[in-house]
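Please keep the sequence and model in view while reading.

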Amino acid sequence: MPLPLKAAVIDVGLRDGLQNEATDVPTDGKLRLARALVEAGVREMEVTSFVRPDLVPRLSDAEAVVAGLPARDGVTYVALVANEQGYDRAAAAGIKAVIFVLAATDAFNERNVRRPVARSVEDLRVLCRRGAVDGVALRAAIAVSFGCPFAGRSRPKRCSTSRGGARMRERPISTSPTRSGSRTRGRSPSALPCLRAALPAVRLAAHFHDTRGMGLANVWAALGAGIDRFDASIAGLGGCPFAPGATGNIATEDTVHLLHAAGVDTGIDIERLFAAADIAEELVGRPSAGRVKKAERAAAGRRTA
């Protein structure tokens, strides 16, 4: 399959990135990072989660973050919700796009959202109906769709979970991201055809962590399967507090560099993205996990020396 001409890169650093960091980033720091990402040309980003503050304390300022986000035409701010209570908070805060997470295995779903997959599918049905009335765009994310840290490999039959998310007759779901767990071990290439066959009419997105250094290889495999939406985290921040050993997501700047090198347009200015990564590093107090910024700046230093 030929590579797409364009791809969307959704930055999840403010949400998936910061939720697992040791540093508690203040609200004004989060908003500073959000502004830098918008200036770099990022047009969609996950900004927070409306979940229990005792479970994810780094995102306990969700309402304050949403209230302070810069209003820009063409920029979509997305919040994660895990149940109807989270949806209520997100809608009241003014969020117009939410992502609902359910897992491909009961083992992970129980740890992540405290309920079996079947219950989450029913919750999703309710939110589809409510979103249609409230004008809130709803998307579904299938966690550990390629491998579960508790139940092992997610078998092809687990594509039925994706079908359950996509076939809500009350309202179509605009995108169905496929989220890899901490023990993926390069299984995404073989799983992608299953998901594509199960959901031929759905615009799939991919969400990869870089636990074993396979994140960008998985992006390349996903591109070859026709996927043109990718979650990534600025400076490679983050991980999942409910998946033991899960490291950060693929770095947004590395992902954009790969796509551009392959001739796939993202609309993102990579130099400004480097500046956003600088801010992320400052906020969490450690160097970026991304590689491209370091290499480009080292090369620039050699040229000017």
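β3 is mostly covered, with 5 of its 6 residues buried. Buried means under 20% relative accessible area, exposed means over 50%, and partly exposed lies in between (1.4 Å probe, protein chains only). Strand β2 (residues 44-50) has 7 of its 7 residues buried, so β2 is largely enclosed by the rest of the structure.

β2 and strand β3 (residues 76-81) pair in the parallel sense over 6 bridges. Two strands pair if DSSP finds at least two bridges between them. Met45 stands opposite Tyr77 in β3. In a regular strand, side chains alternate between the two faces of the sheet.

## Model and overall make-up

The model is predicted: local features need pLDDT of at least 70, side-chain atom pairs count only at pLDDT 80 or more, and totals for chains, interfaces and linings use all residues. Residues are numbered from 1 along each chain as its sequence is written, and side-chain values use heavy atoms, with hydrogens and water left out.

The chain holds 12 helices and 8 strands. Helices (H or I, at least four residues) and strands (E, at least two) are DSSP runs, numbered from the N terminus. Of the 305 residues in the chain, 56% are buried. Contact means heavy atoms within 4.5 Å. Among contacts between residues at least 6 apart in sequence, 74% join residues at least 24 apart.

## α10 against α11

How do the axes of α10 and α11 cross? Helix α10 (residues 252-261) and helix α11 (residues 270-284) have axes that come within 9 Å and cross at roughly 165 degrees. Axes are lines fitted to C-alpha atoms, for helices over the stretch in contact, and angles run from 0 to 180 degrees between N-to-C directions. α10 and α11 are therefore roughly antiparallel to each other. Angles under 35 degrees count as roughly parallel, over 145 as roughly antiparallel, 65 to 115 as roughly perpendicular, and the rest as oblique.

α10 passes α11 in a left-handed crossing. A crossing is left-handed if the near helix is turned anticlockwise from the far one by less than a right angle, and right-handed if clockwise. From α10, Thr252, Glu253, Val256 and His257 meet Ile270, Leu273, Phe274 and Ala277 of α11. By class, this contact of α10 with α11 has 5 nonpolar, 2 polar and 1 charged residues. Ala, Val, Leu, Ile, Met, Phe, Trp, Tyr, Cys and Pro count as nonpolar, Asp, Glu, Lys and Arg as charged, and the others, Gly among them, as polar.

## α9 against α10

α10 also meets helix α9 (residues 215-224): their axes come within 11 Å and cross at roughly 40 degrees. That makes α9 oblique to α10. The crossing of α9 and α10 is right-handed. Leu216, Val219, Trp220 and Leu223 of α9 make the contact with Asp254, Thr255, Leu258 and Leu259 of α10. By class, the contact of α9 with α10 has 6 nonpolar, 1 polar and 1 charged residues.

## α4 against α6

Helix α4 (residues 84-93) packs on helix α6 (residues 117-134) at an angle of about 15 degrees, with axes 11 Å apart. That makes α4 roughly parallel to α6. Their crossing is right-handed. Glu84, Tyr87 and Asp88 of α4 contact Val126, Leu127, Arg130, Gly131 and Asp134 of α6. By class, the contact of α4 with α6 has 3 nonpolar, 1 polar and 4 charged residues.

Is Val113 buried or exposed? Val113, in helix α5 (residues 106-113), is buried, with a relative accessible area of 9%. Val113 touches Ala82, Val101 and Ser120, not counting residues up to four places away in sequence. The C-alpha atoms of Val113 and Val51 are separated by 9.3 Å, while the two residues are 62 apart along the chain.

Thr27 is found in helix α2 (residues 27-40). Thr27 is partly exposed, with a relative accessible area of 23%. Leaving out residues up to four places away in sequence, Thr27 touches Asp61, Ala64 and Val65. Ala235 lies in the loop between β8 (229-232) and α10. Most residues other than glycine have a negative phi. Ala235 has a positive phi of about 65 degrees although it is not a glycine. At 1% relative accessibility, Ala235 counts as buried.
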